[in-house]
Amino acid sequence: MLKLEKRPSDSRLMAYLSPLIAILLTLLCGGILFVFLGHDPFAALHTFFIAPLTSVYGWTELGIKVAPLLLCAMGLTLCFRAKIWNIGAEGQFIMGALGGSIAALQFLDADSRWALVPILLAGTLSGLGWAALAAWLKTRFNANEILTTIMLNYVALNALLYGVHGPLKDPEGFNFPESALFADATLLPVFSDDYRLNISILFALLAMVAIWTLMARSWVGYQIRVLGEDAKAARYAGFKDKQLTWFALLACGALAGLAGVSEVTGPLGQLVPQVSPGYGYAAIIVVFLGRMQPLGILFASMLLALTYMGGEMVQMEMTLPKSLTGLFQGMLLFFLLATDFLIAYRLVWRRQPASHSTTASQA
Amino acid sequence: MSSSERLHLQGITKAYPGCIANDAVELRVNSGEIHALLGENGAGKSTLMKIIYGVIAPDAGQLLWHGQPQVISGPSHARQLGIGMVFQHFSLFETLTVAENIALGLPADQAKDMAALEARIREVSEHYGMALDPKRLVYTLSVGEQQRVEIVRCLLQDIELLILDEPTSVLTPQEVQQLFRTLKTLASEGCSILFISHKLDEVVELCNAATVLRHGQVTGHCNPQHTTSGELARMMVGDDTPLSENYSKAQGTRVALDAKDLCYQPEDPFGVRLEQLALQVKAGEILGIAGVAGNGQDELMGLLSGEERQDSGSIQLNGTAIEHLSPDQRRQLGFAFVPEERLGRGAVPDMSLVDNALLSASHTGLKRKGWIRYPAVRQFARHIIDRYNVKCADEDAQAKSLSGGNLQKFIIGREIEQQPKFLVCSHPTWGVDIGAAILIRHSLIHLRDQGAAILVISEDIDELYQISDRIGAICDGRLSPIAPTQSVSIEQLGQWMAGQFSDPQPQQPEVSHA
């Protein structure tokens, strides 16, 4: 008889093994899915996961997608460690892109690189302000942040759509819902003219190190960890939970906002309605897949970035729908949640004792 | 009744991951016998009880009921056989009446006729001297009365074995005496009683057979009537632990903590309202506050620690008003607190002992400019572990991996090593083995002798008598008079715990010591 049994203490091994098992299961089910779609599963998985990384260009494109994922994920780590379930990185990202674009449109004639500074600042503060709404609702009215941040995501999306269809629309853009192209000086510097990869990846790596240090070494990071682990202990120690809530949400909003403005001043070069392919949501998967640890999050953001590229790749090469990206991301989260169960529980094989057949179910 | 054998356990073994709760346990209970099951916390008493009551199936061993092997498939089967159990934590619906609660546990045919049931409840409860009004709503009953409901519920069925899990821990001394009378009546009518306790004087008073468990194994059978409580304690704790100690009493010097006119209405509807509460603790003394759980202890502790904010009133430490300060600000002035809940308030379960050492001690130079000085924190944690003999893998062990006693030693150590001027301890040795309890009491006395003011809130009256210099009780949010421990008899304290005192005089004049 196969039986689930609570482990005496959480398994550390399983905590790190669980994401790997989840990835394997995702690949397995993905392969089966490709079979049903009428493709050779190995070839399809190769196209999805390997082919994008067979060139330098592929790796630089990966970096472009890692940057926003990593920025959002590091901010979310702060929140999730405090058990503040901020689902609003997507909205904060969009507001960052929107606020940054409004600023960038004021500098269409700029030829100084310094114009980037107020633009990045505007984007960061827009994301921060958007998170501040959720922080205010939570600390003032005790409103559940899961609900408020999800709702604010839709408000942000509609604000973006209003912007690109209305006041921010390029007057010379043939009525396309897009802003004017930003001035070259207000675009993030790239490492090489051959590739699109820009310095936003450095922002992301810097944020990773900063948040890592903050969580591991600083007093505020410690307080956030205690608040998340055990709110009563935080109260006993006299930590100010409202201040910590504000801090975590604002920091996350700022990082997501920076990611948003880096997107419009980076690979896009203008504001478009599809500014985010769901980076803010995918970053949630990144955080959990990466075990809230910096290196884990780095690898997880690379994997999630790869799912975006793989989706585009199978669309181009095999004429399969790009929505496979979402499917793979969803499967990953699903299997991760399932295998995480085995951190606290284990499966044991036990021969059923003949005399206690009726008692076993009650034990 | 003849002393025929009613229950016989043979070689009962039950293992959990990481520990053997019961190891080949033998137990015989005769009819009409009041049988004590003794042991420290974690000795395996509760597991054994749950096996008898059918809640848990044993891994090995046999249960004989009236000499016949029985496999008890669950509590309802146990009740059919005539086995009843009163758990430490009652399973009553507070918004239902006594009769409705009892009806829920009965077979449908008996539960239908409420009028008849109410009459039977009255009859049975009066017969055994524990009067109950079947129409009362349970939440209006005292804890002692709620326990009666649980007992009467068992008695309504033809009961042959009644199991009571630490029934006296929630009762006042007077209620304990009443319960004992009831149990003796029951036993004289032939019912067997299995009485779980770790209070030896109660066992000596009540029981005529005893089985002692230690680390899951039976370490002795005896008749408490022919045994001293010292011998019983020896069987419980093993050979090398000192059993009890006498501590010298001290006289406080000047008033360190001075709380006046504290009023507090908790948000929790089941909380206890504090009204005009006044309390003075002197430097160099231990003040003990007795009381049955849920009489305002948590609220008082919350106000003193700063986790809750009083509606009105003042609290001063050495003349400085602190009632408006947060817990961490109070700590900087020399407060320290040992809360009742160790895991999940006094310590973060999933964090290491290093991180837990920092929880309340950050102001003692363990951080600088917003950054944590981890080498210093680690050293502090190690120091606590060495000095307070905390048994753990190392300082990186998770708090939840420690036993209750060892975690309590760690928390007490963390608070005492901050050299507080005022320490509040809630239930300092609750559920702690005797060795750890002695170390904790020693530490408290030592801190007192260094001049700290200490307030101990506890349900353990023996302990309060041992370590307190002055003693009082709290009942229903009101504080009894407070007097030197030697001058307060246990009967007096029992009356105070039951609320029998005139309204407290906040500025009680110095009582000359007895």
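B:Arg122 touches B:Leu132, B:Asp133 and B:Pro134, once residues up to four places away in sequence are set aside. That is a handy spot to start a walk through this predicted model.

- B:Arg122 belongs to helix H5 of chain B, which covers residues 114-127.
- With a relative accessible area of 36%, B:Arg122 is partly exposed.
- B:Ala99 sits 23 residues from B:Arg122 along the chain, and their C-alpha atoms are 9.8 Å apart.
- B:Thr97 is placed in the loop that runs between strand S6 (83-86) and helix H3 (98-104) of chain B.
- B:Thr97 counts as buried because its relative accessibility is 14%, under the 20% limit.
- B:Asn208 lies in the loop between helix H8 (200-206) and strand S9 (209-214) of chain B.
- At 33% relative accessibility, B:Asn208 is partly exposed.
- B:Asn208 and B:Glu33 are 175 residues apart in sequence, yet their C-alpha atoms are 6.6 Å apart in space.
- Beyond its neighbours within four places in sequence, B:Asn208 is in contact with B:Gly32, B:Glu33 and B:Ile34, and also with B:Asn223, B:Pro224 and B:Gln225.

**Nonpolar cores**

- The largest nonpolar core has 193 residues, and the members touching the most others are B:Leu279, B:Phe422 and B:Leu455.
- Chain A takes part too: its helix H3 (residues 56-81) gives the most to this core, with 14 residues.
- Leaving aside neighbours within four places in sequence, B:Phe422 has contacts with B:Leu257, B:Val281, B:Leu304, B:Leu317, B:Gly334, B:Phe335, B:Ala336, B:Ala453 and B:Leu455.
- Another core, of 49 residues, lies apart from the largest one and includes B:Val86, B:Ile102, B:Phe195 and B:Leu200.
- As background, nonpolar side chains in soluble globular proteins tend to be buried together.

**Cavities**

- There are four cavities of 30 Å³ or more in the structure.
- The largest cavity has a volume of about 100 Å³.
- Its lining is made up of B:Met130, B:Gly144, B:Glu145, B:Gln147, B:Arg148, B:Ile151, B:Leu171, B:Glu175, B:Gln178, B:Leu179 and B:Thr182.
- Helix H6 (143-155) and helix H7 (173-188) of chain B are the elements that give two or more residues to that lining, and H6(B) has the largest share, with five residues.
- Sorted by class, the lining of the largest cavity holds four nonpolar, four polar and three charged residues.
- H3 and helix H10 (241-268) of chain A each supply at least two residues of the lining of the second largest cavity.
- Six nonpolar residues, three polar ones and one charged residue form the lining of the second largest cavity.

**The second largest pocket**

- The second largest pocket holds about 1700 Å³ of space.
- Of the 38 residues that line it, A:Arg81, A:Glu229, A:Arg291, A:Gln293 and B:Asp350 lie nearest its centre.
- Elements of both chains give two or more residues to this lining, including helix H1 (12-36) and helix H8 (219-229) of chain A, and helix H12 (353-359) and helix H13 (374-387) of chain B.
- H7(A) provides the largest share of the lining, five residues.
- The lining of the second largest pocket comprises 18 nonpolar, seven polar and 13 charged residues.

**Confidence in the model**

- Chain A has a mean pLDDT of 92, with 96% of its residues reaching 70 or more.
- Residues 354-363 of chain A have a pLDDT below 50, and this stretch has 16 contacts in the model beyond near neighbours in sequence.
- Chain B averages a pLDDT of 86, and 93% of its residues score at least 70.
- Residues 504-514 of chain B have a pLDDT below 50, with 13 contacts in the model beyond near neighbours in sequence.

Technical notes. Residues are numbered from 1 along each chain as its sequence is written. Chains are lettered from A and ligands numbered from 1 in the order in which they are written. This is a predicted model: local features need pLDDT of at least 70, side-chain atom pairs count only at pLDDT 80 or more; totals for chains, interfaces and linings use all residues. Side-chain values use heavy atoms; hydrogens and water are left out. A nonpolar core is a set of buried Ala, Val, Leu, Ile, Met, Phe, Trp, Tyr and Cys residues joined through side-chain atoms within 4.5 Å. Buried means under 20% relative accessible area, exposed over 50%, partly exposed in between (1.4 Å probe, protein chains only). Helices (H or I, at least four residues) and strands (E, at least two) are DSSP runs, numbered from the N terminus. Contact means heavy atoms within 4.5 Å. On a 1 Å grid over the protein atoms alone, a cavity is a set of points where a 1.4 Å probe fits but cannot get out, and a pocket is an open set with protein on both sides within 12 Å along at least five of seven lines; lining residues have an atom within 4 Å of a point. Grid points are joined across faces, edges and corners, and a volume is the space filled by probe spheres set on the points. Ala, Val, Leu, Ile, Met, Phe, Trp, Tyr, Cys and Pro count as nonpolar, Asp, Glu, Lys and Arg as charged, and the others, Gly among them, as polar. pLDDT is the predictor's confidence in each residue, from 0 to 100.
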